[in-house]
There are 2 protein chains.
Amino acid sequence: MPFKIGELAKATDTQAVTIRFYEKEGLLRQPERTGAGYRLYSEEDVERLHFIRRCRQHGMNLAEIRELLAFRDSPAPSCGWIGELVERHIAKVEEQIASLETLKAHLQALRGSCSGENGHCGIIDSLAHGAPCPCCEGLHCRLERRPPQE
Amino acid sequence: MPFKIGELAKATDTQAVTIRFYEKEGLLRQPERTGAGYRLYSEEDVERLHFIRRCRQHGMNLAEIRELLAFRDSPAPSCGWIGELVERHIAKVEEQIASLETLKAHLQALRGSCSGENGHCGIIDSLAHGAPCPCCEGLHCRLERRPPQE
DNA sequence: CTAGTCCCTATAGCGGCTATAAGGTCAAGC
DNA sequence: GCTTGACCTTATAGCCGCTATAGGGACTAG
């Protein structure tokens, strides 16, 4: 009945390396091993990894996920703080959206600042001398730290 | 008239380490040095660094900035591709916004899924068994890769 | 002459993976 | 039995754009 890492990977749409990474990070338990040293998983692991991946899809970081897993592993009677965690999360997402909207407006203005004529680029000029982008005074909005895999 | 790295840092709201990093990356030239080895900068460097920081604020990565600087350093007659770069950039920002809006909706649904009663958390349940967040099938939306400095 | 502020280089770390190297294991087909 | 190929293992380095740390030198004011 137990299965190897490739199957867990397929079932959860996660790369095997990532699974081993989660194990090293303590998000997944150390699994049983076959005689040859292959990791062996069960349905329970599928569920746990699903949980982790859902959390990642919701933009939670590994520290937050660790907290949630700890709760899941030993449920306390009150879970109000989980709602609060989600709440805080929503607030962060809203901030990001607002920041990106401002950025977009600024980029649109930038795009319009060059006529493409007389061997001189207004965009370059604006970038050198124009007003700073108001969206992210402290360089908060780091887009594209990694490009979406294409 | 030339000034040291601290002054350049202050003038452009950039950390000295970051300036040295840009130099290593080839975005800033190797500056003159004092007898003691201190870097010496001019107004031109302020302008160039300003340019770089503006680009960063607009969410451009260092590779894109390198392209723009190359153009700035040796202006060609036609600069249509710069407009296109900005255009592509706007498209990416719009994608991000859309992705975040979907995420937000999903988080709000999640928040509503727990009554906080009978020692059992609906949010945890939804995360383990609910539908995946549609916003980022391939985990495209990596929020918070670095938290905004606080 | 000391304290404090600036500057220098070099190296490691952040998050969440991804990629690469170099090899072991197992089943199927010849 | 022997090869081929798909799978598994560990270990290490790299991605990006910095940030932090260690360990030191230079310069100024009191």
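**A close look at the core**

Modeller: Happy to! Beyond its neighbours within four places in sequence, A:L68 touches A:F51, A:C55, A:M60, A:W81, A:I82 and A:L85, and also B:I124 and B:L127. Please keep in mind that this is a predicted model. The largest nonpolar core has 72 residues, and A:L68 and B:L68 are those with the most contacts inside it. In soluble globular proteins, nonpolar side chains tend to be buried together.

Now to the aromatic rings. Over all chains, the count of aromatic pairs comes to two. One of them joins A:F21 and A:Y22, with 6.0 Å from centre to centre and 50° between the planes, a tilted arrangement. A:Y22 is buried, at a relative accessible area of 3%, while A:F21 is partly exposed at 36%. In chain B, the ring centres of B:F21 and B:Y22 lie 6.0 Å apart with their planes at 50°, so this pair is tilted. Here B:F21 is partly exposed, with a relative accessible area of 36%, and B:Y22 counts as buried at 4%.

One backbone detail may interest you as well. A:D13 is not a glycine, yet it has a positive phi of about 55°. A:D13 sits in the loop between helix 1 (5-12) and helix 2 (16-24) of chain A. Its relative accessibility is 63%, so A:D13 counts as exposed. For B:D13, also not a glycine, phi is positive at about 55°, and this residue lies in the loop between helix 1 (5-12) and helix 2 (16-24) of chain B. B:D13 is exposed, with 63% relative accessibility.

Methods. Residues are numbered from 1 along each chain as its sequence is written. Chains are lettered from A and ligands numbered from 1 in the order in which they are written. This is a predicted model: local features need pLDDT of at least 70, side-chain atom pairs count only at pLDDT 80 or more; totals for chains, interfaces and linings use all residues. Side-chain values use heavy atoms; hydrogens and water are left out. A nonpolar core is a set of buried Ala, Val, Leu, Ile, Met, Phe, Trp, Tyr and Cys residues joined through side-chain atoms within 4.5 Å. Buried means under 20% relative accessible area, exposed over 50%, partly exposed in between (1.4 Å probe, protein chains only). Contact means heavy atoms within 4.5 Å. Rings of Phe, Tyr and Trp (its six-membered ring) pair if their centres lie within 6.5 Å; planes under 30 degrees apart count as stacked, over 60 as edge-to-face and the rest as tilted. Helices (H or I, at least four residues) and strands (E, at least two) are DSSP runs, numbered from the N terminus.
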